[in-house]
Amino acid sequence: MFSVFKPKLAGILFSRKYNKKTFISDLVAGMIVGVIALPLAIAFGIASGVTPQQGLITAIIAGFLTSALGGSRFLIGGPTGAFIVIIYGVVAEFGFSGLVIATVMAGFMLLIMGLTKMGNIIKFIPYPIVTGFTSGIALVIFSTQIKDFFGLSIDTLPSEFIPKWISYIENFNSINIAETSLAVISLVIIILWPYINKKIPGSLIAIILSTIISIVLSTFTEISFETIGSKFPQLAQGISLPSPSIPEISLQSARSLFQPALTIAILCAVESLLAAMVADGATGKKHDSNTELIGQGITNIITPFFGGIPSTGALARTMANINNGGKSPIAGIVHSIVLLIIFLFLLPYAIYIPLSVLAAILIVVAYNMSEWRSFVSLVKGDKAEASVLITTFILTVIVDLTIAIEVGILLAILLFVKRVSETSKIQLINDEIISEMESDDSLISHEMISVPEYTEIYEIEGPFYFGLATKIDEIDSLTHRKIKVRILRMRRVPFIDSTGLKNLRNLWKRSKKEKIHLILSGVNIDVLESLIKSGLAEEIGKDNICSDIAEALKIAKKINSPANIHTQDCLS
């Protein structure tokens with residue numbers, strides 16, 4: 001494990017390069033990122049169907065563990081918008097205890113991914129799938145905030161996307177002008193504030209100003225606003241640090257929660273590694289993918305027991321860390337300490353924060369997540385990739401995020417197989433063929449050789465795998481005359497899989513039955529090794545597996561000669 005797990009923090013602490021100046025940079029960056037994370041943690045907690053303090057607890061514990069155990073110098077961990085949809089669904093169906101089980105299971109999945117060195121593989125999830133489910137999540141988050149943004153009076157809001165919008169339309173006449181105005185003011189502040197100051201987040205300014213407006217209007221007029229306190233009255237009684245608790249785990253609950261756990265694990269892996277890659281590009285440093293997965297795994301195993309929700313690397317907070325001078329994981333640890341101080345001493349005042357301002361914050365988060373420019377660009381591009389994108393997007397919005405990711409990956413695999421199969425082809429040659437022979441000075445000489453009588457040559461290009469199955473079966477249909485020898489020229493076959501071996505064995509059996517001699521030409525080392533391991537080399541005969549076409553044609557001429565002389569082993 002220790003050969004794979006190498007946290008960046010440990011390396012930096014034992015390094016002589018870390019000094020007082022670097023620490024001050026980390027301290028300042030960590031304090032700023034902590035302030036930035038505050039409104040987001042509260043908003044993500046409420047939007048996920050849990051309490052604001054659970055969102056903060058996640059930012060504190062996960063933020064600390066991500067920096068202490070992760071494989072990136074700059075990554076900031078905590079709750080993110082991508083998890084809102086899946087968390088809300090799990091809590092609604094299985095309760096918070098079900099979410100704890102699913103998150104812990106996801107943590108162990110991430111741990112296994114890291115220990116088995118799958119960090120680099122995760123990066124290869126196709127971009128259309130990532131864009132599809134990210135844009136879908138953004139639309140779902142946006143749709144969940146309409147009620148609070150406009151202050152609509154809806155007793156029971158449907159959880160499904162289409163019924164939810166039908167409910168909005170039916171109840172839009174109940175719009176609250178005061179709530180809407182406050183939400184619009186908050187939205188304008190968040191959008192325009194970066195032009196005034198980029199260090200302090202606009203979301204924090206929006207919360208402070210909107211809360212002041214809400215308190216003043218509620219005190220001196222008859223106007224009232226829905227606040228965190230009206231939704232979570234227990235916050236007014238004070239906050240204490242949660243004690244660890246372990247829910248009862250059964251085999252049945254583990255089975256039921258396997259799919260959500262897998263989705264959480266994949267989302268965590270993808271988001272963390274993408275954020276780490278972006279951080280690498282911005283700083284010129286390099287993260288350790290497998291260490292990052294192990295760190296995220298441990299984080300998601302521990303955090304739920306303290307009342308936290310799933311966490312991952314947060315791109316926006318990571319970039320804020322870099323832009324404000326963060327140099328090492330110490331900045332992430334400082335950010336979690338800042339949030340802990342806020343949690344202990346300032347959280348009771350959060351009861352005055354209007355829900356409409358949190359709705360405005362989450363609408364901006366949804367917009368930033370949507371990647372609509374990338375979405376439009378992909379839709380205008382390759383039709384096959386656009387279909388994967390749109391399918392993933394629609395399934396995320398209408399059906400379920402878990403199904404969307406599974407179907408998206410399946411479609412991407414099928415698309416990949418189709419495209420690779422298109423690069424693999426079989427061509428019939430029965431007239432003249434070019435012989436390419438490597439000379440002593442490593443140059444390749446070319447020679448035109450006539451194809452012997454009663455012989456056909458099939459040039460195979462590309463991987464000999466399951467995608468080539470139908471084309472191999474069509475070889476018999478390409479033969480329009482009586483032949484005695486069938487040569488498969490495999491110089492451009494990089495590898496052969498088990499299905500390819502099975503199809504080749506079937507072709508050999510059919511050829512034997514039809515009394516056609518099968519010869520393989522130009523077989524490389526990897527393919528030959530596969531043939532030997534499968535026993536197919538013995539069945540075909542090693543003397544019928546040749547290093548180049550010239551040797552194969554010599555055997556063909558001998559077979560076609562009247563004497564029908566036995567061939568020698570052309571591999572020797």
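**Reading side-chain contacts and backbone angles**

Tutor: Let us begin with R492, whose relative accessibility of 40% makes it count as partly exposed. The model is a predicted one.

Student: Why does R492, at 40% relative accessibility, count as partly exposed?

Tutor: The class follows from two cut-offs: under 20% is buried, over 50% is exposed, and partly exposed lies in between. R492 has a value of 40%, so it takes the middle class.

Student: Which salt bridge does the side chain of R492 make?

Tutor: A salt bridge requires a side-chain nitrogen of Lys or Arg within 4 Å of a carboxyl oxygen of Asp or Glu. In this model the side chains of E461 and R492 meet at 3.1 Å, N to O. Because E461 belongs to strand β6 and R492 to strand β7, the pair ties together parts that are 31 residues apart in sequence.

Student: How many salt bridges does the count come to?

Tutor: The count comes to 6. One of them joins the side chains of E459 and R489, at 3.4 Å from N to O. E459 lies in strand β6 (residues 455-461) and R489 in strand β7 (residues 485-492), so this pair ties together parts that are 30 residues apart in sequence.

Student: Are E459 and R489 buried or exposed?

Tutor: E459 counts as buried, at 3% relative accessibility. R489 also has 3% relative accessibility and counts as buried.

Student: What span should helix α26 have, and what do its end C-alpha atoms show?

Tutor: At 1.5 Å a residue, the 12 residues of α26 (residues 549-560) should span 16 Å, and the end C-alpha atoms are 16 Å apart, which agrees. At the start of α26, a side-chain oxygen of D548 reaches to within 3.0 Å of the backbone nitrogen of A550. The buried residues of this helix are I549, A550, A552, L553, I555, A556, I559 and N560.

Student: What polar contact does the side chain of S289 make?

Tutor: The partner is the side chain of H287, at 3.1 Å. S289 itself is found in helix α14 (residues 289-302). With 5% relative accessibility, S289 counts as buried.

Student: How many aromatic pairs does the structure hold, and how is the pair of F150 and F172 read?

Tutor: There are 6 aromatic pairs. The geometry of a pair is read from the angle between the ring planes, and over 60 degrees counts as edge-to-face. For F150 and F172 the planes stand at 65° and the ring centres 5.3 Å apart, so the pair is edge-to-face. This pair links distant parts of the chain, 22 residues apart: F150 is in helix α7 (residues 146-150), and F172 is in the loop between α8 (161-170) and α9 (177-192). F172 is partly exposed, with a relative accessible area of 38%. W165 and Y168 also form an edge-to-face pair, 5.3 Å centre to centre and with 90° between the planes.

Student: Where do W165 and Y168 lie?

Tutor: Both lie in helix α8, 3 residues apart, about one turn of the helix. W165 counts as partly exposed at 25% relative accessibility, whereas Y168 is buried, with a relative accessible area of 2%. F142, F161, W165 and Y168 form one aromatic cluster.

Student: Which charged end sits over the ring of Y454?

Tutor: That of K484, which sits 5.3 Å from the ring centre.

Note on methods
Residues numbered from 1 in each chain as written. Predicted model: local features only at pLDDT ≥ 70, side-chain atom pairs only at ≥ 80, totals over all residues. Heavy atoms only, no water. Helix = DSSP H or I, 4+ residues; strand = E, 2+ residues; numbered from the N terminus. Expected span 1.5 Å × (residues − 1). Buried < 20%, exposed > 50% of the residue type's maximum accessible area, 1.4 Å probe, protein only. Polar contact = N/O pair within 3.5 Å; in protein donor to acceptor, adjacent residues only side chain to side chain. Phe/Tyr/Trp six-rings, centres within 6.5 Å; stacked < 30°, edge-to-face > 60°. Lys NZ or Arg CZ within 6 Å of the ring centre and 35° of its normal.
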